[in-house]
Amino acid sequence: MAQWTQMSQMIQHMNNDAMNSLYPPATFPIEVRHYLAEWIERQRWDDFVLEKVDQESNAQVLLDQTISMLQSIAQQNANVVDRLKLMQISRNMTMFQQQPLQFAVMVRAILTKERVLLSNPQFQQYANTESSFSNIQSVDHLVLKVLDVQDTRQKMHQLQEELNWERQNYESLQGMRHKHSQTQGRLNTESYLDQCQTLLISRLKEWRWDQHKATIGQPFDDNLNLLQTRCEQLLGVNGKLRQELVLIQSSIVVDKHPPQVIKTQSKFSTTVRYLLGEKVAPGKPVVLKAQIINELQARNLGSVPGDNVGELINNTAILEHITSTKYTCATFRNMSIKKIKRADRKGSESVTEEKFALLFSTEITITGCDTPYKIQIISLPVVVIVHGSQENNAMATIIWDCAFSEPDRVPFKVPERVPWKMMYNTLNSKFTAEVKTKHNLDQYNQHFLAQKVFFMPDFVDDFSNMLVSWAQFNKDVLPGRLFTFWQWFEGVMELTKKHLNNYWSEGLIFGFIGKQHLHLILKDRPNGTFLLRFSDSEIGGITIAYVSATENGGQTIHNIQPFTKRDLEIRSLGDRIRDINDITYLYPEFPKDEVFKKFYTGNSAPGGGYIPVSLLTKVGT
């Protein structure tokens with residue numbers, strides 16, 4: 001946020017330096033200063049900011065009238081020096097014809113600073129002693145009086161200036177001074193411009209990076225309006241210095257990415273936004289083209305022949321400006337991948353580990369610029385599948401890519417191993433985002449997940465600095481199972497999202513816990529004490545573990561057969577808990593009817609005079 005504020009300040013500073021190098025405001029004749037002060041006072045001060053483009057017509061009136069007054073006063077001025085000065089100022093002011101609102105903003109800034117100056121207690125004391133000020137109540141009138149004083153001060157230097165005129169050729173001197181001023185002004189302005197542009201492009205990269213991380217559930221503000229405004233402001237300065245190339249090419253973003261797992265023959269859409277849309281030259285429509293590229297092509301954009309690795313249907317869209325929102329977007333609707341050409345795979349690499357991307361490109365012409373510019377942007381990585389059964393493994397590739405890639409990486413490079421702490425943070429972020437809950441995984445859940453991914457059920461030390469590999473995440477099947485760690489975790493996440501959200505959010509589900517830890521915390525608890533845990537042995541199941549008495553008076557712990565998505569679609573978890581008489585207290589000691597009562601449902605009476613029936617959950621035989 002500090003960087004963004006700094007950039008805004010530098011843009012304002014840069015604009016002021018460029019303006020003041022062309023005509024110091026103090027050199028305006030008093031008549032013009034009076035006119036500016038009175039005109040701005042008749043308007044609403046807050047209306048004159050660069051973002052309010054609807055005030056541009058009013059600003060144009062102010063600019064035209066000011067230039068006209070300067071020219072008129074110059075022609076009537078008998079002093080040669082003053083006349084030349086005023087004509088030079090009026091000519092310099094034509095630089096604002098393309099952006100009159102900048103001129104109005106500058107005037108507003110000057111008068112605002114003068115108001116601050118006049119509010120100084122020392123000035124107020126001096127003002128109160130002057131009889132000519134005795135009846136003045138408005139600070140704005142004090143501003144006009146100060147302008148009179150400034151005008152008098154200027155006239156004191158008039159004789160010296162006329163003497164200089166006599167001693168040397170003024171035109172030659174003025175030309176040399178003007179050239180030097182322009183050179184220095186340009187150097188200063190270019191320095192500020194470089195800093196501002198670097199910060200803006202950095203912020204655009206941060207926005208794209210945050211967008212990338214949103215895939216794993218990290219917070220993301222997708223609002224591009226402020227960035228668009230900054231791009232437009234910088235282009236105004238860039239255009240005058242002929243340094244607009246980088247900004248023009250950096251202002252294209254993929255606003256709405258395609259799905260990151262795409263099934264061939266399935267329709268999808270995506271939207272590309274151009275942040276300098278209002279600066280696009282009118283005339284011929286701008287058509288964006290999309291093509292699918294592989295990892296090698298993504299690494300060598302511009303140098304690799306444009307071989308098609310896939311066939312995209314409906315792969316063109318027109319860049320359209322929406323007046324109501326001021327967005328300029330190209331929306332690709334009903335796109336689909338008809339076929340895909342895959343690279344040669346190495347070793348045990350599967351098709352769901354191969355990453356592609358969509359490349360969007362076009363030529364664009366900006367108003368005031370002579371030649372069109374080639375611009376392009378690539379989407380986030382996508383995995384192309386041909387069957388729904390591949391979706392889970394493809395999503396694992398995307399999760400690993402989004403979680404562990406580095407900014408400005410070589411596409412689409414990712415590490416083969418990452419610290420467990422990073423992996424756990426990713427799992428927690430993805431879980432809470434998918435389930436739409438604020439209830440995070442706790443330390444017990446974390447420890448059990450680490451034991452599971454590392455195949456170390458008896459390990460009790462800290463896992464934080466241990467490295468987990470891609471193979472452990474979603475290539476090697478878990479011991480004694482037919483599924484990988486990610487397949488199992490994703491199944492739990494899907495079950496919780498669809499059927500257990502409220503239970504989880506209220507902390508009623510213990511969740512990820514191994515049987516060894518389970519026995520440790522339930523031993524010595526009263527009979528009937530139970531907790532809810534995710535199944536360790538099958539994908540997408542939740543089980544009830546409870547304490548029960550044995551025939552010899554001891555205790556044992558039972559685990560009820562897991563309830564899956566299909567089971568909970570037939571009868572809810574709350575009703576199943578009510579059905580089971582063997583469980584009475586939720587760990588550590590909450591009466592189950594008090595805790596789960598709001599999840600119980602009644603049996604509605606059937607229509608047509610039928611006798612009602614109900615389903616009940618029965619444990620054992």
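# Exercises on a predicted model

Proline 588 has its place in the loop between β18 (585–586) and β19 (590–591). The model is predicted, and the exercises below are to be worked with that in mind.

## Exercise 1. Confidence and overall makeup

Task: State the mean pLDDT of the chain and the share of its residues that reach 70 or more. Then find which stretches have pLDDT under 50.

Solution. 

Step 1. The chain averages a pLDDT of 81, and 75% of its residues reach 70 or more.

Step 2. Residues 1–24 have a pLDDT below 50. Beyond near neighbours in sequence, this stretch makes 47 contacts in the model.

Step 3. Another stretch, residues 129–140, also stays under 50. Here the model has 10 contacts beyond four places in sequence.

Step 4. For the chain as a whole, the secondary structure comprises 22 helices and 19 strands. Of the 621 residues, 45% count as buried. Among contacts with a separation of 6 or more, 67% link residues 24 or more positions apart.

## Exercise 2. Two helices, α13 and α17

Task: Compare the end-to-end span of each helix with the expected value, then describe how α13 and α17 cross.

Solution. 

Step 1. Helix α13 covers residues 391–404. Its 14 residues should span 20 Å at 1.5 Å a residue, and the end C-alpha atoms are 20 Å apart, so the two values agree.

Step 2. Helix α17 (residues 485–499) has 15 residues. From first C-alpha to last, α17 reaches 21 Å, close to the 21 Å expected at 1.5 Å a residue.

Step 3. A packed pair of helices is described by the angle between the axes and the distance between them. The axes of α13 and α17 come within 10 Å and cross at roughly 100 degrees. The helices are therefore roughly perpendicular, since the range for that class is 65 to 115 degrees.

Step 4. On the α13 side the contact involves Asn392, Asn393, Met395, Ala396 and Ile399. On the α17 side it involves Trp486, Gln487 and Glu490. These residues divide into 4 nonpolar, 3 polar and 1 charged.

Step 5. For burial, α13 is mostly covered, with 11 of its 14 residues buried.

## Exercise 3. Backbone exceptions

Task: Which residues are joined by cis peptide bonds, and where does a positive phi occur at a residue that is not a glycine?

Solution. 

Step 1. The background is that most peptide bonds are trans and most residues other than glycine have a negative phi.

Step 2. Proline 411 and phenylalanine 412 are joined by a cis peptide bond with omega of about -15 degrees. Phenylalanine 412 lies in the loop between α13 and β12 (417–419).

Step 3. The bond from tyrosine 587 to proline 588 is also cis, with omega near 5 degrees. Proline 588 was placed at the outset, in the loop between β18 and β19.

Step 4. Asparagine 334 is not a glycine but has a positive phi of about 55 degrees. It is found in strand β8 (residues 327–340). Its relative accessible area is 44%, so asparagine 334 is partly exposed.

Step 5. Aspartate 524, also not a glycine, has a positive phi of about 70 degrees. Aspartate 524 lies in the loop between α19 (515–522) and β14 (529–534). At 64% relative accessibility, aspartate 524 counts as exposed, the cut-off being over 50%.

Definitions and conventions: Residues numbered from 1 in each chain as written. Predicted model: local features only at pLDDT ≥ 70, side-chain atom pairs only at ≥ 80, totals over all residues. Heavy atoms only, no water. Helix = DSSP H or I, 4+ residues; strand = E, 2+ residues; numbered from the N terminus. Expected span 1.5 Å × (residues − 1). Axes fitted to C-alpha atoms, helices over the stretch in contact; angles between N-to-C directions. Parallel < 35°, antiparallel > 145°, perpendicular 65-115°, else oblique. Contact = heavy atoms within 4.5 Å. Nonpolar A, V, L, I, M, F, W, Y, C, P; charged D, E, K, R; others polar. pLDDT = per-residue confidence, 0-100. Buried < 20%, exposed > 50% of the residue type's maximum accessible area, 1.4 Å probe, protein only.
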